[in-house]
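I opened this notebook to record what I looked up in a structure new to me. The entries follow the order in which I consulted it.

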Amino acid sequence: MSEPRPVRLPHGGTLSCDTCRNDVFEEYRWKLQTTGMTFFNLDWANRDATCFVCTSCRRIHWFHL
């Protein structure tokens, strides 16, 4: 987790929550699990997603960056 902050998007805009329009988020990295990789016990090789959690309503915004 990172310190809550506004998030700058690649095109230059600022992320705002789709639910409450808040513009301050906590940043997390989560592992994207797949059944095939889990079957072969290779969960560590799955991709990561960058997730921004709204500090107001707690909605999670997922990104594959």
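**Entry 1. Terms and source.** I began with the meaning of a patch: it is made of residues with over 30% relative accessible area and no salt bridge, like charges being joined within 9 Å and nonpolar side chains (Val, Leu, Ile, Met, Phe, Trp, Tyr) within 5 Å. Accessible areas come from the Shrake-Rupley method with a 1.4 Å probe, and for residues only the protein chains shown count as cover. A salt bridge is a side-chain nitrogen of Lys or Arg within 4 Å of a carboxyl oxygen of Asp or Glu. I noted that the model is predicted, that local features need pLDDT of at least 70 and side-chain atom pairs count only at pLDDT 80 or more, while totals for chains, interfaces and linings use all residues. Residues are numbered from 1 along each chain as its sequence is written, and side-chain values use heavy atoms, with hydrogens and water left out.

**Entry 2. The surface patch.** Which residues make the nonpolar surface patch of about 550 Å²? I found Phe39, Phe40, Leu42 and Trp44. I then located phenylalanine 40 in the loop between helix H1 (35-39) and strand E2 (48-54); helices (H or I, at least four residues) and strands (E, at least two) are DSSP runs, numbered from the N terminus. Phenylalanine 40 counts as exposed because its relative accessibility is 57%, where buried means under 20% relative accessible area, exposed over 50%, and partly exposed in between (1.4 Å probe, protein chains only).

**Entry 3. Strand pairing.** I looked up how the strands pair, which requires that DSSP find at least two bridges between them. E1 and E2 run antiparallel and are joined by 7 bridges; among the pairs, tyrosine 28 has cysteine 51 in E2 as its bridge partner. E2 also runs antiparallel to strand E3 (residues 60-63), with 4 bridges between them. There, threonine 50 is partnered with phenylalanine 63 in E3. I recorded that E2 is mostly covered, 6 of its 7 residues being buried.

**Entry 4. Backbone angles.** Most residues other than glycine have a negative phi. I therefore noted arginine 21, whose phi is positive at about 70 degrees although it is not a glycine, with the general rule in mind. Arginine 21 lies in the segment before strand E1 (25-31) and is exposed, with a relative accessible area of 58%. Arginine 58 likewise has a positive phi, near 75 degrees. Arginine 58 belongs to the hairpin of E2 and E3, which has 5 residues between the strands.

**Entry 5. The core.** In soluble globular proteins, nonpolar side chains tend to be buried together. Which residues make up the largest nonpolar core? I listed 7 in all: Val7, Leu9, Leu15, Cys17, Phe25, Phe52 and Cys54. Such a core is a set of buried Ala, Val, Leu, Ile, Met, Phe, Trp, Tyr and Cys residues joined through side-chain atoms within 4.5 Å.

Leaving aside neighbours within four places in sequence, phenylalanine 25 is in contact (heavy atoms within 4.5 Å) with residues including Val7, Leu15, Cys17, Phe52, Cys54 and His61. Histidine 61, in strand E3, is buried, with a relative accessible area of 7%. Cysteine 54 is found in strand E2 and is buried, at 0% relative accessible area.

**Entry 6. Salt bridges.** Side chains of opposite charge can pair when their charged atoms come close. How many salt bridges does the structure hold? I counted 4. In one of them, glutamate 27 meets arginine 5 (2.5 Å, N to O). Glutamate 27 lies in strand E1 and arginine 5 in the segment before E1, so this pair ties together parts that are 22 residues apart in sequence.

Glutamate 26 and arginine 58 meet in another (3.1 Å, N to O). Glutamate 26 lies in strand E1 and arginine 58 in the loop between E2 and E3, so parts 32 residues apart in sequence are tied together. Is glutamate 26 buried or exposed? I noted it as buried, with a relative accessible area of 11%, whereas arginine 58 is partly exposed at 41%.

Arginine 29 forms a salt bridge with aspartate 48, the closest N and O atoms being 3.5 Å apart. This pair links strand E1 to strand E2 across 19 residues.
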